[in-house]
Amino acid sequence: MKKYYYLFFAVFLSFIIFISCSDKGEEYIPVPVSPVTVNLSQVPYPKLSDYHFFEGELKNQIPSLNVLPYEPASSLFSDYAHKKRFVWMPLGTKATFVSDSKVLELPVGAVLIKTFYYENVQNIAPVGGTRIVETRLMIRKDTGWIFANYVWNEAQTDADFDLAGSFTDISWEDENNVIKSTSYRIPTEVQCMICHKNKQVIGPTEIDTYIPIGIKPQNLNFAYTYASGTKNQLTKWVEQGYLDSNFTLPTAENTVINYNDNTRPLELRVRSYLDSNCSHCHAIDRHCDYRPMRFPFNMTGGPNGQTNMGVCVDTEDYSFAPALTKIIKPGNVNRSMLYYRLNTTEESFRMPLHGRTVIHEEGVELIGQWINSLAPCP
């Protein structure tokens, strides 16, 4: 019996010595694990907090490990709401580059997160504070993208899944100390589908699929300030392991700019504005592709660019006032159909179809300046 005891003791002592020697001078550092949970067989979850996208209080929107913030150069106008955007992908997966003007091809399991909020609110406690209205998710399943919308509670502690659509009355003070208000519209699932529609022909059948809008390389090709420092967003996605590195950054001429930057050329600002606010519908194989306008940034430059933007193009069969003879009538905003549709809140005429209930005053001013700068039609 003693023989076995000594044998066991010798083996145990050898194991301890081996461990001590092999780890000598080295400290074991555990690999951090992201708390995010996205089970594709169970999503959409009942509450936004179920995903664990954020650390601490949900309303602070502090991203969890591997939840990466991003921002397009030009933003879609949504009744002056501010937005915070994030992307998350499962471990070991990454997006692929298609072209400068095509949305990145995200892997199955990826999630895009966009929170809409107002600052300096006047009609909801605490007055002068921040009010989050909704957080929209797009989740990539094996069968394609799905929508999951979350409406925030009054206490601002969580948000509940809701694709039925609703309205939220909100007033806020803008940066010019002007009080503005709207009945903010949270979209229905059908409205989400319209803006994200992508027609595909499979055999003899045309079907509607759905894709993200803002994550085109041309929109992300600029520096963003992260918690760790400032870096080009596409470069950051590669370093994060979220994007295949087998591509070249878009050139300056193929990169969208911030349309609010009045130091940049007027037409470039207008092209960027139309790309962010109109191209998701007015493009080939999109919801409004039966109309002549083609507003993607890569289609509004070059020799056919102004024609694609509607300059000197007849309004065809539009049911508007007879004075609106052209989509864009150079030098005359009152005869330009596009200007009229941007400058009205009447639901049957306004553009975009969804996503706004008030007039984007700065956007209308920008388009007006551009129209008045154009040379007359031949």
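Begin by selecting K199 and D289, whose side chains meet in a salt bridge (3.0 Å, N to O); a salt bridge here is a side-chain nitrogen of Lys or Arg within 4 Å of a carboxyl oxygen of Asp or Glu. K199 lies in strand β11 (residues 197–202) and D289 in the loop between α5 (266–278) and α6 (305–308), so the pair ties together parts that are 90 residues apart in sequence. Helices (H or I, at least four residues) and strands (E, at least two) are DSSP runs, numbered from the N terminus.

The model is predicted: local features need pLDDT of at least 70, side-chain atom pairs count only at pLDDT 80 or more, and totals for chains, interfaces and linings use all residues. Residues are numbered from 1 along each chain as its sequence is written, and side-chain values use heavy atoms, with hydrogens and water left out.

Next, select D275 and K216, a salt bridge with its closest N and O atoms 3.5 Å apart. D275 belongs to helix α5 and K216 to the loop between β12 (205–210) and α3 (217–220), so this pair links parts that are 59 residues apart in sequence. D275 is buried, with a relative accessible area of 4%, and K216 is buried at 10%; buried means under 20% relative accessible area, exposed over 50%, and partly exposed in between (1.4 Å probe, protein chains only). Then select D174, K180 and E361, which salt bridges with shared partners join into one network.

Turn now to D158, in the loop between β7 and β8 (159–161). The side chain of D158 does make a polar contact with the side chain of S49 (2.5 Å). A polar contact is a pair of N or O atoms within 3.5 Å; within protein, one must be able to donate a hydrogen and the other to accept it, and residues adjacent in sequence count only if both atoms are side-chain atoms.

Finally, select Y51, F53, L106, L137 and W237, the residues with the most contacts inside the largest nonpolar core, which has 47 residues. Such a core is a set of buried Ala, Val, Leu, Ile, Met, Phe, Trp, Tyr and Cys residues joined through side-chain atoms within 4.5 Å. β7 gives the most to this core, with 5 residues.
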